[in-house]
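Here are my notes on this model, as numbered points. Have the structure open while you read.

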Amino acid sequence: LERTFSIIKPDATRRNLTGAINAKFEAAGLRIVAQKRIHLTKAQAGVFYAVHAERPFYDELCEFMASEPIVCQVLEGEGAIAKNREVMGATNPADAAAGTIRAEFAESVGENSVHGSDAPDTAAIEIAYFFSGLELVG
Ligand code: GTP
Ligand code: MG
């Protein structure tokens, strides 16, 4: 089974949407094999989103991700990376398909409720940044 990394972002934890979002993952057949609530520093958010360092929204994105607690997770399932991206919906909630997490919950293209890894190599890097092997309970 494949594993992917997920974050429930500050806009969603602030509005008590953790349970509603987890229900969507589980309904899609994604098992939550690790989960913790943490509060990133802006520097830690910057490392996580380093691939976007040259983008104009990078500073705003890092501020946002460090603004309030997040819930980070490892999701496991068949084709988990693609399946999670499907459940999340498009980056901009205005473009997200009906029934997806971002269509239902996201507030804007920046404050869009969830992160999900986009490929096997990034999933492995992101999981290792947030979790030790002992915390992954498949
Ligand atoms: P992630 O799963 O969070 O990586 O989202 P994504 O893969 O759908 O989008 P992408 O990797 O292109 O962008 C990463 C994150 O940067 C997005 O989820 C948004 O939170 C933020 N972001 C992307 N585009 C914009 C933008 O135009 N303005 C702002 N403020 N934030 C943006
Ligand atoms: Mg991305």
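1. His115 counts as buried, at 10% relative accessibility; buried means under 20% relative accessible area, exposed over 50% and partly exposed in between, with a 1.4 Å probe and protein chains only. The residue lies in strand 4, and UniProt, in an unreviewed entry, gives it the annotation "active site". UniProt positions follow the numbering used here, feature names are shortened, and annotations may be inferred rather than shown by experiment.

2. A word on the ground rules: this is a predicted model, where local features need pLDDT of at least 70, side-chain atom pairs count only at pLDDT 80 or more, and totals for chains, interfaces and linings use all residues. Residues are numbered from 1 along each chain as its sequence is written, chains are lettered from A and ligands numbered from 1 in the order in which they are written, and side-chain values use heavy atoms, with hydrogens and water left out.

3. What does His115 touch, not counting residues up to four places away in sequence? Its partners include Lys9, Tyr49, Asn84, Arg102 and Glu126, where contact means heavy atoms within 4.5 Å.

4. Now the ligand. Of the 15 residues around ligand 1, Tyr49, Thr91, Gly110, Asn112 and His115 come nearest; a residue is near if one of its heavy atoms lies within 4 Å. An oxygen atom of ligand 1 is 2.9 Å from an N or O atom in the side chain of Tyr49, and for the side chain of Arg85 that distance to a ligand oxygen is 3.0 Å. A polar side-chain atom of Glu60 lies 3.3 Å from a nitrogen atom of ligand 1.

5. The unreviewed UniProt entry lists Lys9, Phe57, Arg85, Thr91, Arg102 and Asn112 under "binding site". From this set, Lys9, Phe57, Arg85, Thr91, Arg102 and Asn112 are in the lining of the largest pocket. On a 1 Å grid over the protein atoms alone, a pocket is an open set of points with protein on both sides within 12 Å along at least five of seven lines, and lining residues have an atom within 4 Å of a point.

6. Two of those deserve a look. Phe57 is in the loop between helix 3 (42-48) and helix 4 (58-65) and is partly exposed, with a relative accessible area of 32%. Arg85 is in helix 5 (residues 80-88) and is also partly exposed, at 38%. Helices are DSSP runs of H or I with at least four residues, strands are E runs of at least two, and both are numbered from the N terminus.

7. Leaving aside neighbours within four places in sequence, Arg85 is in contact with Gly116, Ser117 and Asp118. Arg85 and Asp118 are 33 residues apart in sequence and 7.5 Å apart in space, C-alpha to C-alpha.

8. Lastly, helix 7 (residues 120-130): Ala123, Glu126, Ile127 and Phe130 are its buried residues. They fall within an arc of 100 degrees seen down the helix axis, so they line one face of helix 7; the arc is that of the directions from the axis to the C-beta atoms. Asp121, Ile125 and Ala128 are exposed on the other side. What covers the buried residues includes strand 1 (2-8), helix 5 and strand 4 (114-116).

Key:
1 Å grid on protein atoms, 1.4 Å probe; cavity = no way out; pocket = protein on both sides within 12 Å on 5 of 7 lines; lining within 4 Å. Polar contact = N/O pair within 3.5 Å; in protein donor to acceptor, adjacent residues only side chain to side chain.
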